[in-house]
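Dear colleague,

I am handing over the structure below, and after it you will find my notes on what turned up in it. Please keep the structure open while you read, so that each place can be looked up as it is named.

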Amino acid sequence: MARNRSSRNRTTFFFCTFFAIIALFAFVPVFAPLPSLSSHSPHDHSHSRHKKVTAQKFEIANDMFWKDGQPFQIIGGDLHYFRVLPEYWEDRLLRAKALGLNTIQTYVPWNLHEPKPGKLVFEGIADIVSFLKLCHKLGFLVMLRPGPYICAEWDLGGFPAWLLAIEPAVRLRSSDPAFLHLVEGWWAILLQKVAPLLYENGGPVIMVQIENEYGSYGNDKAYLHHLVTFARSHLGDDIILYTTDGGTRETLERGTINGDAVFSAVDFTTGDEPWPIFQLQKKFNAPGKSPPLSAEFYTGWLTHWGEKLAKTDADFTAAALEKILARNGSAVLYMAHGGTNFGFYNGANTGGNESDYKPDLTSYDYDAPIRETGDVNNAKFKAIRSVIKKYSAKSLPSVPPNNEKAGYGPIDLEKKEFLFDILNRINSIGIVKSEIPISMESVGQMFGILLYVSEYAAKADGSVLSIPKVHDRAQVFISCSSEDNGGRPIFVGTMERWSNQTLGLPKIKCVSNISLYVLVENMGRVNYGSYIFDRKGILSSVYLDGRTLQGWKMLSFPLNNLNEVPKTNPVIAYSESIEKSARRKAKENFSKEPSFYAGHFSIDKENDIKDTFISFNGWGKGIAFVNEFNIGRYWPMRGPQCSLYVPAPVLKQGENVVVVLELESPSPSLVIHSIDQPDFTCQLISQTSNMKIK
């Protein structure tokens, strides 16, 4: 979406093989002739001998969209299948239907579908074919946005993180042959699944987007031409391909493709006068091929950790939409329904430099008319529906009631294990050693947390630790095996990407070397702008008193992600063993050492299974799992989000297990609460924080 505001040896075999393939790959000509959009009148039924004759046709002519020979106004909305559990897809789509929408627009995140090279996932929340068929069943058309870059406030803009481990580095969003080869391999699989669902083939897909807002990023026309050629080779000549760019001359010049082979759509800030921008849009489309389309009409906005929750006025938003629809313009609401960044897939933004880092909340509510929980009984839904109702070709369905929610009360948690105690169970084969720290991606871990371990000789007056480049947040511990506490790690402090300060290490009398532990959390990769190549972990040398510290071990901690469950998994272990036992010593409960906690709550009757929220008010920072499903990150110390949404399909009759990895400090009571409403009232930990506040 547009913004006007701002070690390697484990992967050597794969990447050597990859580049051997690259050497054999023959590329299509950079500026191969592109077939044009259908130029005949919608009422002219003549076809070339190459054109497939079908009963259904969606096309552009006379600066209008035409569906089966009749003028058509797109009144659409973004609804991302990967931010909604499959059990709720139909529920959310029916609410979009009640809003008055006739078209659904969705991105396709490559990283969800290919989390590891060659490992393809199209089941569960990644079952895009089932989602598209459901859209069709419910009478929606679909505008598909397969990227390969999607932005979307999604980790790395939808690119798989393993792209960042390739050496030499591939140039994302460019005509770099190595990058294009990987894109073509991905699209060959994806678009083969999409082709039978094109409108001309009896499916719902009327348009397919090429890249996403490229004019806000680069000016590599060869790259865009390659994508068009790839798309045509898999989807044929009849499908409308489109680009979306911010409504300025500069972004349109950089992001569009000359001629009439690709339709150029625009987006712009809600409240801007739309029709001068639509007039500008015409200059980047062939004559008669520029129906006015706001491909992202912003109903709300995203929120980063540490900001106030973004809110926009309902009447203002509805009035801005009416300015478009009243003159037969088309618009796609971004978002119609936001959903949730489950797992580790939230994205992040940057400000003026790479260190000005702003990770997104777990909630992607977006202040959209259909709220994160599917709620529609709100002023924005009513105001937008009232406007759409005036211009809809059909009467609107009745509005369904909000889904019921329940609070299941307090949940007592028990400490199960210190995070570092898992080290005793990690197979030494899984430990990566290097003289200098290497990135998460190079170690083979794409998400979550990674532990860096080294050692140094004790000094009488302590030491100063400096890590010039840590992505994104590091907790530092030291230990001495000869100490009375058995060498337990002692918390020293936190080093953050956005402050980049040195850290004093205390003096310890230790007859052996002191062990240094740096636990680094990946808080979400940048998804927009020039700093998108966002590797995670320690990305520089580490300095102790000005000297480079060498000799490192990197240890992965496997944790469930949205579409992956690791083989060695503490979450499952704690879920299977939640019986009560004697509480540990109080001093351990309140240690700053990261720990796993587990508890459970019961639901007696199947009819009592409802959506709920887990409140972490009073806790520090961490990750939560319900019945082994990663419901996301919590950080009430930073705010504003205090609670995490738990959809009813995650729950079950009987015992439900909650596992929490608390990285900072637990609530002294060791209690979390299941509540029946979301809570975004947590305050900023400090008004003078170095993290930028909106």
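**Salt bridges**

By the rule used here, the count comes to 31 salt bridges, and please bear in mind that this is a predicted model. In one of them, the side chains of Arg-525 and Asp-155 meet at 3.0 Å, N to O. This pair links distant parts of the chain, since Arg-525 sits in the loop between β23 and β24 while Asp-155 sits in the loop between β6 and α5, 370 residues apart. Both Arg-525 and Asp-155 are buried.

Another salt bridge joins Glu-664 to Lys-592, with the closest N and O atoms 3.3 Å apart. Glu-664 lies in the loop between β33 and β34 and Lys-592 in the loop between α13 and β28, so the pair ties together parts that are 72 residues apart in sequence. Glu-664 counts as buried at 4% relative accessibility, whereas Lys-592, at 30%, counts as partly exposed.

There is also a network of salt bridges that links Lys-311, Asp-365, Asp-367, Arg-371 and Lys-380.

**Helix α4**

In helix α4, which covers residues 128–137, the buried residues are Ile-128, Phe-131, Leu-132, Leu-134 and Cys-135. Seen down the axis of α4, these fall within an arc of 160°, so they line one face of the helix. On the other side of α4, Lys-133 and Lys-137 are exposed. The elements that cover the buried residues of α4 include β4, α2, β5, α3, β6 and β7.

With kind regards

How values were computed:
Residues are numbered from 1 along each chain as its sequence is written. This is a predicted model: local features need pLDDT of at least 70, side-chain atom pairs count only at pLDDT 80 or more; totals for chains, interfaces and linings use all residues. Side-chain values use heavy atoms; hydrogens and water are left out. Buried means under 20% relative accessible area, exposed over 50%, partly exposed in between (1.4 Å probe, protein chains only). Helices (H or I, at least four residues) and strands (E, at least two) are DSSP runs, numbered from the N terminus. The arc is that of the directions from the helix axis to the C-beta atoms. Contact means heavy atoms within 4.5 Å. A salt bridge is a side-chain nitrogen of Lys or Arg within 4 Å of a carboxyl oxygen of Asp or Glu.
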